[in-house]
Amino acid sequence: MKRLITFCLFALAGCGGSGGPSNFKIIEFPVPVSGNVPGSLNPGCWPDDIRSDADGNLWFAQHHSNEVGRMSLTGVYTGYTFATPNPLMDGVLVDIPRNAVWFSETLANKIGRIDMRTGTIIEISVPTANAAPGDLALAPDGFVWFSEGYEDVGGTTRIARIDPANNHIDEFTPAGSGNGVDGIIVARDGVVWFCEINDNKLAKYSGGVFTEIPMPSPGAIPTNLAEDSLGRIWLTEQGKNAVAVYDPTTSVWREVFFPTANSRPGGIIIDASDNVWTANPGSNKIGLIAGGGTSAVDFPIPTQNCRPEDICVTPQGRVYFTEQYGNKIGQIIVNGVTPPN
């Protein structure tokens, strides 16, 4: 089922001034879906993971509704509603070559897919009961990988992949137990990287072999990750107020700390210029490590306690993020870093 709501793309709130390398502005757009969970202290649809298609349209999961949202460049919101109620949707992935949007239903234990051309939705059950699928990643060969055991919701800790040709799912179990797998990516060379929250490790899966790499600091709480143009892996460290970067060619770690305490960085994305962007729910700010350097700046979001959750970069270079408690999509424009709106 699909529904369309048109709303004006205007700045609900703006923020100007020097917040780092140059002046910046944040624009916020409301998500017109309620999607409340009874008893929640922060009612609303809770927009979660966000990604962009080739035209710059934004697709995002809604944690507290059974709907995937799409925001077009002209201000049209399209809601793609699927059959399973209250699935606790988390991850979303846009597969541009195959015109597909994938999403995870954590409590429903399913992976869903939307055909961007027709709007057709299918839901695929994960073989292991209570697997709690979370984040999603696209491999160069077209397979879709996802984490299991999302934030300890499920009783299993695995990674899995789905073949888009036949929707068959294979599951793979790391050596450790209770790892709490969260973020997952597939690098350009096909290596699968993921975070083991409870074990405080970065892990990879390649050629049928799991390798676990301890984080550079104890209690880091690695959460999400991204690959830069040099093949380095960047991870948000919620427990260390930092982002860590690992070089697979030298096995060397370094950490970059945020200027605001208790930022608890979560979502992370890297743009074409190797600028590292993060969503920092603890500080209610967006973080930036320009050019993959050694220092970070952060930018306050106008809506208080909005809890920025995830962040994405469009093919046009624009940076957008989700505000879970604010029920909004935000855009950050940094002069000299991102293109003007």
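The following legends describe close-up views of a predicted model. Residues are numbered from 1 along each chain as its sequence is written, and side-chain values use heavy atoms, with hydrogens and water left out. Because the model is predicted, local features need pLDDT of at least 70 and side-chain atom pairs count only at pLDDT 80 or more, whereas totals for chains, interfaces and linings use all residues.

**View 1. An open sheet of four strands.** The strand order is β2-β29-β28-β27, with antiparallel pairing. Strands are DSSP runs (E, at least two residues) numbered from the N terminus, and two strands pair if DSSP finds at least two bridges between them. Since β2 (24–30) and β27 (308–313) each have a single partner strand, they stand at the edges, and one side of each is left without a neighbour in the sheet. Strand β2 pairs with β29 (residues 328–334) in the antiparallel sense over seven bridges; in β29, Val334 is the bridge partner of Phe24.

**View 2. Ile162 in strand β13.** Strand β13 spans residues 159–163. Ile162 is buried, at 0% relative accessible area (buried: under 20%, 1.4 Å probe, protein chains only). Beyond its neighbours within four places in sequence, Ile162 is in contact with residues including Trp102, Phe143 and His168 (contact: heavy atoms within 4.5 Å). Ile124, also in contact with Ile162, is 38 residues away in sequence and 9.5 Å away in space, C-alpha to C-alpha.

**View 3. Asn109 in a loop.** Asn109 is found between β8 (100–105) and β9 (110–115). Its phi is positive, near 60°, and Asn109 counts as buried at 11% relative accessibility.

**View 4. Asn241 in a loop.** Asn241 is found between β20 (233–237) and β21 (242–247). Phi of Asn241 is positive, near 55°, and the residue is buried, with a relative accessible area of 15%.

Terms used:
Buried means under 20% relative accessible area, exposed over 50%, partly exposed in between (1.4 Å probe, protein chains only).
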